[in-house]
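Me: I have a structure open and would like to learn how to read it feature by feature. Could you take me through it slowly, giving the idea behind each term as we come to it?

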Amino acid sequence: MSAKPSPRVGLFVTCLVDAIRPGIGFAAIQLLEEAGCRVEVPQGQTCCGQPALNSGDETDAAHLARQTIAAFEGCDHVVLPSGSCAGTMVHAYPELLAGDPQWAARARAFAAKTHEITSFLVDVMGYRPQGRRLDASATYHDSCAGLRELGIAAQPRALLAQVEGLRMRPLEGNDVCCGFGGTFCVKYPQISDAITTEKAEAVERSGADILLAGDLGCLMNMAGKLHRRGARTRCFHTIEVLAGHADGPGIGEEG
Amino acid sequence: MTAPQTGFKERAAAALSDGALKIAIDRTTGTAERKRATALAAFPEFDAARERGKAIKDHVIAHLDHYLEMFERNATAAGAQVHWATDDAEARAIVTRICLDADAKLVTRSKSMLGEEIGLPHALADAGIERVETDLAEHIIQLAGERPSHIVWPAMHRTREQVADLFRTGHNPPPAAEDPGTMVQSARRELRAKFLAADIGISGANFLVADTGATCTVTNEGNAELTTTPPRIHIVTAGIEKLVPSTAHAFALLRLLVRSATGGEMTQYTTFHHGPKRAGDADGPEEMHIVLVDNGRSRMLGDEFREMLRCIRCGACMNHCVVYRQIGGHAYGGTYPGPMGAVLTPVLDGLAQSRDLAHACTMNGRCAEVCPVGIPLPTLLRAWRRRSWRERLEPGSVRAGIGLWAMLARRPALYRMASRIGVRALRLLGRRGWISTLPLARGWTAYRDMPRPPGRTFMEQYRADQARRGGGK
Ligand code: SF4
């Protein structure tokens, strides 16, 4: 085999993963290394800037865009376990910095090398997990930003199909928003609750043991609702299952 | 426009607690969603048609003055009188003056969102003119004394059972039974006499055809034809963005409109009005007036909301919107509800009054995905959020929260420390994996639990691992 130099991949650890579920970050490192990447976690990163962007505060959002771009400048690729933050970097960064002569080109280059992790594993690395097994049934929610901003739908399903014993069940309204919406769920809690309740009911009707998704925000929202309703569904990020971590505690389960 | 008495949050809360409303919304939007999906599956050239529709509208918008002049010239040549209204007040004044000059007692009106936008129903009432809504749904709305809650199905918030109640008290004699057939018969009987007795018929227009000067109206009930043909005078009110270069362009957009709105291939009735009755014509109005309304549209031409002028009012965005499907149209407080309304209402009513609308969106993008003319609705909502931030309309608490968070996020070392402290503090609030009350995010824990964070952040654990492995960054 010809030795292809392994790409330098910078892992962006979203603020939610950093604080609430670090295991997703470690699952990402494991899968990227299995796929043949050299993984780095640049220390200059914090948050992608979405809270500011979605609040209309583009000055702060642009500052954070520059900071993030600078932190990852030495990497061949930037990979995130979140379609939402990846979507922000791919679409919003170039727009935010379009009028800045020093940064516009850097933002475009950064956007071009940024990927959500399942799409990176499948589309760029051609990776398939080997020897994973999980005897369970699972259903998959297509988080909005990943699906509509980045076209992620086939990749996580292709990866999950490699897990032996895992039976995928359809989810009614799998591409309908779960009601999280970042600050939306805190600003309009009643509307958000009504939306999330419908989602939780669909998840319960699917009869699956496990709910999977590619964004921790959506997962926290759905897991929190399912728990409040007393449902027994366990919730994991897709890559936790792919990395073989589903034998550990699901979201909100004490390890 | 008439300012709603309560705020968005109160209206939304009222809607959320109305069980019948939820049933009614689910029925209609659910059916619309399914029918649209079926129609698109049988229309593989939809993407190409959408591109064409978008291009037609963009072309017209870029040359609006040219096509407006062409339309005025051709409509006048066909015998119509063209009037220009810069805002809603002027539009109301023009229409009422025509009615009063003609000494009109009874006016029939076929459904038109623009009529609602300019407050025509109120203006006619104030002028002492009897107004009869001839669209079945508008007839229901009129009996209920309400405003439309959807741009295609104005009475979709009403269940069949509620409509039966309205007809029982509103029709004389009341319908003999409550099956849809009998109820429709009853409405027909009520309206038929009015169609013939009306002095003036008022309609909107789906398209204004520049190269012929014709206006085009589509309906599924035929009521627009009966509204516009028997009376002596026909008044059309239309927004200036309704222009299309030619009849062929109108049909290209019509295909998109109908499939997106109802999942049909064509509407039952598609009528072109080309001036009033001519010598030798058997019937038709003696006078035709066309009121072209700006009301904020030319302002949109020059700003970031320009793309919204492509809207053909199909309603697909609201049918597919998770928020609309929970709260219905009245909660939006303006003429136009749902995603398109959230973009348009601040243009019409001012941002200060309607800033909630731009925020009450999860940014899930489904509306833009289904819009037949490719309007990037979430992007436009974000533009309102940006403007609201710049104009300092956001509450102080929100500004302070974002400011504090951004200050930390811009200093990685400090941010790391704050997250370390934060997760430890958060842990203290929870028991066995979950937190059920969060002091700063009660909105979250009012309805759902919050997973309890582990003791150490990813960054802490990762650094410790790196140090153990003897080096690294
Ligand atoms: S914004 Fe698009 S989807 Fe919504 S009503 Fe207008 S044309 Fe239809």
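Reply: Let us begin with one residue, B:Val323, which is found in the loop between helix H14 (316–319) and helix H15 (324–327) of chain B; helices here are DSSP runs of H or I with at least four residues, strands are runs of E with at least two, and both are numbered from the N terminus. Please keep in mind that this is a predicted model, in which local features need pLDDT of at least 70 and side-chain atom pairs count only at pLDDT 80 or more, while totals for chains, interfaces and linings use all residues. Residues are numbered from 1 along each chain as its sequence is written, chains are lettered from A and ligands numbered from 1 in the order in which they are written, and side-chain values use heavy atoms, with hydrogens and water left out.

Me: Is B:Val323 buried or exposed?

Reply: Buried means under 20% relative accessible area, exposed over 50%, and partly exposed in between, with a 1.4 Å probe and protein chains only. B:Val323 has a relative accessible area of 2%, so this residue counts as buried.

Me: Which residues does B:Val323 touch?

Reply: A contact means heavy atoms within 4.5 Å. Leaving aside residues up to four places away in sequence, B:Val323 touches A:Phe184, A:Ile191 and A:Ile195 from chain A, along with B:Tyr332 and B:Ala360. The C-alpha atoms of B:Val323 and B:Cys361 are separated by 6.9 Å, although the two residues are 38 residues apart along the chain.

Me: How is the size of an interface often given?

Reply: It is often given as the accessible area lost when the parts come together. Between chain A and chain B the buried area, the accessible area (1.4 Å probe) lost on putting them together and summed over both, is about 5800 Å², and carbon and sulfur atoms give 60% of it. On the side of chain A, the residues A:Gln43, A:Tyr188 and A:Arg228 lose the most area to chain B, together 12% of what that side buries. The contact takes 65 residues from chain A and 62 residues from chain B.

Definitions and conventions
Buried area is the accessible area (1.4 Å probe) that two parts lose on being put together, summed over both.
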